[in-house]
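Work through the exercises below with the sequence and the coordinates at hand. Each task is followed by a solution in steps.

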Amino acid sequence: MRFIAIAIAIALALPAHAELVIEITRGVENPIKIAVVPFQVKSSGAFDADLARLIESNLERSGQFRRVGRETMLSLPGPDDEVFYRDWRAIDSEYTVVGSIARDDDGFLVRYALHDVYGERILFAERVPGDSSSLRDIGHYISDRIYESLTGLKGIFSTRLLYVTAERRSEKDQTFKLILSDADGGRPRTIFQSSEPILSPAWSPDGSRVAYMSYRAKRPGIYIQTLATGEVKRVTSFPGLNSAPSFSPDGRKLVLTLSKDGNPELYVANLRTGELTRMTKHFAIDTEASWSPDGRSILFTSSRGGKPQLYMMNVASKTIKRVTFNGDYNSNGAFTPDGESIVFVHRTAKRFHIAQMNLITRQISILTETDLDESPSVAPNGTMVIYATSNNEKSLLGLVSMDGRVRVRLPSVSESVREPTWSPYFN
Amino acid sequence: MKFLKQAKVAGTIVILAVLAGCAGQVNEEVTAPAVEPVVSKETASSASTNEVDSSAELAAKAKAKAKAKADAAADAERATAEKIKSKAMAADTLFFFEFDRSDLKQDALNDLDAHAKYLTADRSAKVRLEGHADERGTRAYNLALGERRANSVTRYLVIQGVNRSQIESVSYGEERPLSLVRDDSGWLRNRRVELIYQ
């Protein structure tokens, strides 16, 4: 009877996101080995997610875990009392997750437990109710709980990604899409589509709104879209550039680039009053502003030194200090959540990489080794950076850990994917 | 050939007229007597016949002559305009730039001159300048770079006499590459300003 249930569990767990195979190009030296046993299905009916697969993929993508393959498992237990630690030690699994899904009156009840194989004990067990549409959410939630329990860091599996794709038929015949997906790339949903380019998506600090640049009637403008309602509001559409928006940490302001006065300059738009404050005044290019987590500084790219370099502005005094001095191209900077470091695009030996700089020590480390790497965006727990890169003729998304030790290539979602932006936490 | 000659003569007249216009009051006094004798001579030869008729005839003749002159001038003007236009239409509409640069290359100037001539000759003509960058470097920076390139072309055209209101410009940054080749040969083609007549 038990084996029949398992067979159903495997058969019914439709691999809806089978294309999302992760490729770990580099990982930590001693990843935590974890076995996630296929969840037993305790009632009839199909599920659109293989929870165990989802959880092990999530954990593995962090670079800190390595999955124990299903094919090596000596048994596939569901209830906790069927977990024999000896069996798991034999296949070198340090932790084992077991669980079940049962249908109840309102939807489903997922039950799971995390076992410490060498400590021979249950670290924690939980019941999570939900409906069939939230099974992926439950999978991400369980992943977060396991990750937090074993690493001591907050998980990022329930966060979201925003990115832009382009389908090209010819130079002037393209379809651009702004896509919202789960952090693992699952459940991609087009939230805005245009035959004209879409650029610079940015999250509001509470994750409820996104700002981006798009062209309407062939003129660029900055728009803010509320995710829950789909409502779109225009922030600016001046002649010239309207680009690179970034929210202030309190969500009330937007720093952006306008060239209405002749040159690309930074402005701060008060979203409540509509008031615009000019922040820079220089004949060079000033753009790609990013607000610091404490709200006091704005990091931006400027060509005022002849080549694009990063500069830091004190928001109150508008005084500006140059930040990068190594290399002839440093741009598109973003802060880590603790505000102590920045990530940016750095050109070295004619190749574009993602680099990180500690703002106190000024030490720079290059995190990637592919070429044409751009648009770095830091996960809200500060452990990973997502960025756009290219492989032959294709563009794709990559993940790299903040110390450069873990590198993950995300499977291609489109022939051309760009500008990934990691959401904040939603809770 | 005859047409060309006429155009040349008409062209001279036009230039003289323009010069006369520029000179203003003084010139008018000088040119007035020069016309007078011609009229008085013709009036004298036909004085014996009907004075009223002849004066009307003369007026009509003069009118026809003036009209022919004007027509010729207009034709010539049209021909010149046509020539300027066809030259502009045959000129290059793609102008290329170096990496991370927005200054015009020397070899762009001849073609831009042809466009400028047409745009100054026909003030109703309008162009849209689209600035582009190659895929290297970051997207928002490249958007600014594309605008700078379009601005370089705008500035050059304005210096040549084109009205600012005849030019509309937009930057697409690296979003609309002409070439998908990911090396110098492809990037070279993508760092450009496209001039499009509206």
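Predicted model: local features only at pLDDT ≥ 70, side-chain atom pairs only at ≥ 80, totals over all residues.

**Exercise 1. Salt bridges between the chains**

Find how many salt bridges cross the interface of chain A and chain B, and describe the contact between the two chains.

Solution. 
- Step 1: Over all chains the count is 42 salt bridges. Across the interface of chain A and chain B there are 6.
- Step 2: One salt bridge joins A:E171 to B:R192, with the closest N and O atoms 2.9 Å apart.
- Step 3: Both residues belong to a network of salt bridges with shared partners, made up of A:E171, A:K172, B:R128, B:E130, B:E168, B:R192 and B:E194.
- Step 4: In terms of contacts, 46 residues of chain A meet 32 residues of chain B. The area buried between the chains is about 3100 Å², and carbon and sulfur atoms give 52% of that area.
- Step 5: On the chain A side, the most area is lost by A:R168, A:E171 and A:I285, together 18% of what that side buries.

**Exercise 2. Two salt bridges within chain A**

Determine the N to O distance for the pair A:D403 and A:R405 and for the pair A:K260 and A:D261, and classify the residues by accessibility.

Solution. 
- Step 1: The side chains of A:D403 and A:R405 form a salt bridge at 3.1 Å. A:D403 has a relative accessible area of 47% and is partly exposed; A:R405, at 43%, is partly exposed.
- Step 2: For A:K260 and A:D261 the closest N and O atoms are 3.5 Å apart. A:K260 is partly exposed at 32%, and A:D261 is partly exposed at 43%.

**Exercise 3. The largest pocket**

Give the volume of the largest pocket, the elements that line it and the make-up of its lining.

Solution. 
- Step 1: The volume is about 970 Å³.
- Step 2: The lining holds 39 residues, and those nearest the centre are A:S246, A:S290, A:A334, A:S377 and A:T421.
- Step 3: By residue type, the lining divides into 23 nonpolar, 13 polar and 3 charged residues.

**Exercise 4. Chain B and B:G131**

Describe the layout of chain B and the surroundings of B:G131.

Solution. 
- Step 1: Chain B has 6 helices and 4 strands, in the order α-α-α-β-α-β-α-β-α-β.
- Step 2: Of its 198 residues, 36% count as buried. Among contacts in chain B with a separation of 6 or more, 76% come from residues 24 or more positions apart.
- Step 3: B:G131 lies in strand 2 and is buried, with 0% relative accessibility.
- Step 4: Leaving aside residues up to four places away in sequence, B:G131 touches B:G146, B:A150, B:V170, B:S171, B:Y172, B:G173, B:R192 and B:V193. B:R192 is also the partner of A:E171 in a salt bridge.

**Exercise 5. Helix 2 of chain A**

Decide whether helix 2 (residues 51-61) of chain A is largely enclosed or open.

Solution. 
- Step 1: The buried residues include A:L51, A:I55, A:E56 and A:R61.
- Step 2: In total 10 of the 11 residues are buried, so helix 2 of chain A is largely enclosed by the rest of the structure.
- Step 3: Just after this helix, A:G63 has a positive phi of about 80°.

Methods
Residues numbered from 1 in each chain as written. Chains lettered and ligands numbered in written order. Heavy atoms only, no water. 1 Å grid on protein atoms, 1.4 Å probe; cavity = no way out; pocket = protein on both sides within 12 Å on 5 of 7 lines; lining within 4 Å. Points joined across faces, edges and corners; volume = space filled by probe spheres on them. Helix = DSSP H or I, 4+ residues; strand = E, 2+ residues; numbered from the N terminus. Nonpolar A, V, L, I, M, F, W, Y, C, P; charged D, E, K, R; others polar. Salt bridge = Lys/Arg side-chain N within 4 Å of Asp/Glu carboxyl O. Buried < 20%, exposed > 50% of the residue type's maximum accessible area, 1.4 Å probe, protein only. Contact = heavy atoms within 4.5 Å. Buried area = accessible area lost by both parts, 1.4 Å probe.
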